[in-house]
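Please look at the sequence and the structure shown here, and keep both in view while you read the report below.

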Amino acid sequence: MSERSELRSELGVSEGPELGVSEGPEPGVSERSELGVRAAELDACDELAKLRAQFVLDDVVYLDGNSLGALPAAVPGRVDDVVRRQWGEMRIRSWEESGWWTAPERIGDRIAPLVGAAPGQIVVGDSTSVNVFKALVGAVRLAALSSDGRDEIIVDATTFPTDGYIAASAARLTGCELRPVDPAEVPSALGPRTAAVLLNHVDYRTGRLHDLPTLTSAIHDAGALAVWDLCHSAGALPVDLDAHGVDLAVGCTYKYLNGGPGSPAYLYVRSSLQPSFDSPLPGWNSHADPFGMSPAYEPAPGALRGRVGTPDILSMLALEAALEVWEGVSIDSVRSKSLALTDFFLECVDAYVPRGRVESLTPSHHAERGSQVALRCADAGEVMKRLIERGVVGDFRHPDVLRFGFTPLYVGFGDVERAARLLGETLS
Ligand SMILES: *Cc1c(COP(=O)(O)O)cnc(C)c1O
């Protein structure tokens, strides 16, 4: 059976006419393209290749881990234990005896090294959107403590929509004006009125990596606070929050951290700011003595101040199991492989895709590249549909972007070569 018909039968897709598919025989092992041989060599010396076995995957080339990470093999058993034993048998005792109550901080500390944070600064819980709200309103309140007259929030004009919507609401609530600004223009937009700046570390559409150290220091020089959204960088590249003095940060856990659909997000509040961080959602879980049930609010010390209500234990403990794959994995080696994968993909696309058919929106400089490649293509929606039918899963972003995410923990160079080859066939 040809590779294509094997895939079709695995996917339950019936044979049918395909446009633009080359009709020649499938290349045999001896006739593999030079790129196929290179892919095999790169896979053979990939020190992270063994991690793929820790995920539930099939022969599909999965390049959508920047939207929903693949399932780590340890998760189903853990969820089963949490539901049947911890909940089913231990019931209420599990809040203490199974560590449910302290899960938000414990799992925050598990994420911390991946984003360059010392322990005690991250809590897990709620969605990214909710954490953007807590962080941004919190940042404006912190800015007001040190200087008067700061009544402007700057937001990444190219942001993922939810961050922009929440920033607009945060601005209305805090009496600030919202200024959408392209990240590159932020340094010149800063001024004595700027209270806080909300930026994305990696642009979800183009895969562009913004210069977090330089932008954070420009924001600080203007006397404002820097809030970073790490959704598309955490788990794919080093972030170094502490080293660069980031004030507050948020991120989701279901992309490169593989926590599962709707797994809870996280909030980072730099330790020196924690004593004055005034959360706009001070639920009872963030109280210094939650079981004192006092009518008067008194915030807990440390990262706990970022909690709100009862944590979503099932998804949170699934995330905890998912994070075990990071044991002994350095984020620097993940970054090296991520760059090698995206370089190799761009090289294969160049070789296999007819000239002029796609245009890369992803910066060629490593310093400006996240872990995805975005290709502009006039009929991107239709092209991605056909590619998915053939076993290469990326995604389509309106109106004309083909998006391919490379999760170094489970994507190999052979996957990359195959994805580019099938893309080339689809576009021929
Ligand atoms: C994925 C993503 C989100 C998701 O927000 P949720 O509240 O978790 O749905 C938010 N912001 C950015 C930049 C993202 O990439």
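## Helices H11 and H13

In this predicted model, helix H11, covering residues 331-352, packs against helix H13, covering residues 413-427, at an angle of about 30 degrees, and their axes are 9 Å apart. Angles under 35 degrees count as roughly parallel, and H11 and H13 are therefore roughly parallel to each other. Where H11 passes H13, the crossing is right-handed.

On the side of H11, the contact is made by Lys337, Ala340, Leu341, Phe344, Phe345, Cys348, Val349 and Tyr352, while H13 contributes Phe413, Val416, Glu417, Ala419, Ala420, Arg421, Leu423 and Gly424.

## Helices H2 and H13

Helix H13 also packs with helix H2, which spans residues 34-44, and here the angle is about 155 degrees, with the axes 7 Å apart. Angles over 145 degrees count as roughly antiparallel, so H2 and H13 are roughly antiparallel to each other.

Which residues make this contact of H2 with H13? From H2 come Leu35, Gly36, Ala39, Leu42 and Asp43, and from H13 come Phe413, Gly414 and Glu417. The residues of the contact of H2 with H13 divide into four that are nonpolar, two that are polar and two that are charged.

## Helices H12 and H13

A further partner of H13 is helix H12, made of residues 380-389, whose axis comes within 10 Å of the axis of H13 and crosses at roughly 125 degrees. H12 and H13 are therefore oblique to each other, and H12 passes H13 in a right-handed crossing.

In this contact, Val383, Arg386 and Leu387 of H12 meet Leu422, Leu423, Thr426 and Leu427 of H13. Of the residues in the contact of H12 with H13, five are nonpolar, one is polar and one is charged.

The domain assignment of the chain gives domain 1, consisting of 3-73 + 330-427, and domain 2, consisting of 101-310. The C-alpha centres of domain 1 and domain 2 lie 33 Å apart, and 33 residues of domain 1 are in contact with 20 residues of domain 2.

The size of an interface is often given as the accessible area lost when the parts come together. Domain 1 and domain 2 bury about 1,900 Å² between them, and 57% of this area is on carbon and sulfur atoms. Within the area that domain 1 buries against domain 2, Asn66, Ile331 and Gln372 supply 24%, which is more than any other three residues.

## Two details of the backbone

Where in the chain is the peptide bond that is cis, with omega near 0 degrees? That peptide bond runs from His398 to Pro399, and Pro399 is found in the loop between strand S14, residues 395-397, and strand S15, residues 401-405.

A second detail concerns Asp240, whose phi is near 55 degrees, a positive value in a residue other than glycine. Asp240 is found in the loop that lies between strand S8, residues 225-229, and strand S9, residues 248-251.

Notes: Residues numbered from 1 in each chain as written. Predicted model: local features only at pLDDT ≥ 70, side-chain atom pairs only at ≥ 80, totals over all residues. Heavy atoms only, no water. Axes fitted to C-alpha atoms, helices over the stretch in contact; angles between N-to-C directions. Helix = DSSP H or I, 4+ residues; strand = E, 2+ residues; numbered from the N terminus. Parallel < 35°, antiparallel > 145°, perpendicular 65-115°, else oblique. Left-handed = near helix turned anticlockwise from the far one by under 90°. Contact = heavy atoms within 4.5 Å. Domains from an automatic or database assignment. Buried area = accessible area lost by both parts, 1.4 Å probe. Nonpolar A, V, L, I, M, F, W, Y, C, P; charged D, E, K, R; others polar.
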